[in-house]
Amino acid sequence: MDKDDEKEIIRRYEGRLRKYEKGIDALASGCEKRQKTRFDLLAQIGDLKGAKILDFGCGLGDFFEYFKERNLTVDYTGID
């Protein structure tokens, strides 16, 4: 990615975070219901207790919050 593209992406998300604060609207990635459905499906791959999770495209790390809300201890790394 060149520097101009990187600056544009940063500008876009800084604007969204100012407008919507932290939340799914800041990422323009659907609605909370769809996000929960997606996380529920991903979490069904097996027993995730203690699993290492690498979340590419993690946005604001909502998948990690999903695990915390369910008291699932995972080794989570998010990269966006």
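Biologist: What should I know before I start?

Modeller: The model is predicted, so local features need pLDDT of at least 70 and side-chain atom pairs count only at pLDDT 80 or more, while totals for chains, interfaces and linings use all residues. Residues are numbered from 1 along each chain as its sequence is written, and side-chain values use heavy atoms, with hydrogens and water left out.

Biologist: How many helices and strands does the protein have?

Modeller: Helices (H or I, at least four residues) and strands (E, at least two) are DSSP runs, numbered from the N terminus. Here there are four helices and two strands. Their order from the N terminus is α-α-α-β-α-β. The C-alpha trace spans about 40 × 25 × 15 Å along its principal axes.

Biologist: How do I read burial?

Modeller: Of the 80 residues in the protein, 22% are buried. Take Lys19, in helix H1. Lys19 has a relative accessible area of 63% and is exposed. Arg12 also sits in helix H1 (residues 3–20). At 33%, Arg12 is partly exposed.

Biologist: Is Gln35 buried or exposed?

Modeller: Gln35 is buried, at 12% relative accessibility. Its place is in helix H3.

Biologist: And contacts? Which residues does Gln35 touch?

Modeller: Contact means heavy atoms within 4.5 Å. Leaving out residues up to four places away in sequence, Gln35 touches Ile24 and Asp62. For the protein, take the contacts with a separation of 6 or more: residues 24 or more positions apart account for 33% of them.

Biologist: Which residues of H4 are buried?

Modeller: Asp62, Phe63, Tyr66 and Phe67. Look down the helix axis next. The arc is that of the directions from the axis to the C-beta atoms. In H4 the buried residues fall within an arc of 155 degrees, so they line one face of the helix.

Biologist: What does that face pack against?

Modeller: The buried residues of H4 pack against helix H2 (24–27), helix H3 (32–43), strand S1 (52–56) and S2. Just after H4, Asn71 takes a positive phi of about 55 degrees.

Biologist: How many aromatic pairs are there?

Modeller: Rings of Phe, Tyr and Trp (its six-membered ring) pair if their centres lie within 6.5 Å; planes under 30 degrees apart count as stacked, over 60 as edge-to-face and the rest as tilted. The count comes to six aromatic pairs. One of them joins Phe63 and Phe67, tilted, with 4.5 Å between centres and 40 degrees between planes. These two residues are four apart in helix H4 (residues 62–69), so about one helical turn separates them. Both Phe63 and Phe67 are buried.

Biologist: Which parts of the chain does the pair of Phe64 and Tyr76 link?

Modeller: Geometry first: the ring centres of Phe64 and Tyr76 are 5.2 Å apart and the planes are at 40 degrees, so this pair is tilted. The pair links distant parts of the chain, with Phe64 in helix H4 and Tyr76 in strand S2 (residues 75–79), 12 residues apart. Phe64 is partly exposed at 30%, whereas Tyr76 is buried at 17%.

Biologist: Which rings form a cluster?

Modeller: Phe39, Phe63, Tyr66 and Phe67 are linked by ring pairs into a cluster.

Biologist: How do I spot a charge over a ring?

Modeller: NZ of Lys or CZ of Arg must be within 6 Å of the ring centre and within 35 degrees of the ring normal. Arg70 has its charged end over the ring of Tyr66, 3.7 Å from the centre. The charged end of Arg16 sits over the ring of Tyr13, 5.1 Å from its centre.

Biologist: Last feature. How do I read a pocket?

Modeller: Rolling a probe the size of a water molecule over the atoms shows where empty space is left. On a 1 Å grid over the protein atoms alone, a pocket is an open set of points where a 1.4 Å probe fits, with protein on both sides within 12 Å along at least five of seven lines; lining residues have an atom within 4 Å of a point.

Biologist: Which residues lie nearest the centre of the largest pocket?

Modeller: Phe39, Asp55, Gly57, Cys58 and Phe63, out of 19 lining residues. H3, S1 and H4 each supply at least two residues of that lining. H3 gives the most, with four.

Notes:
Buried means under 20% relative accessible area, exposed over 50%, partly exposed in between (1.4 Å probe, protein chains only).
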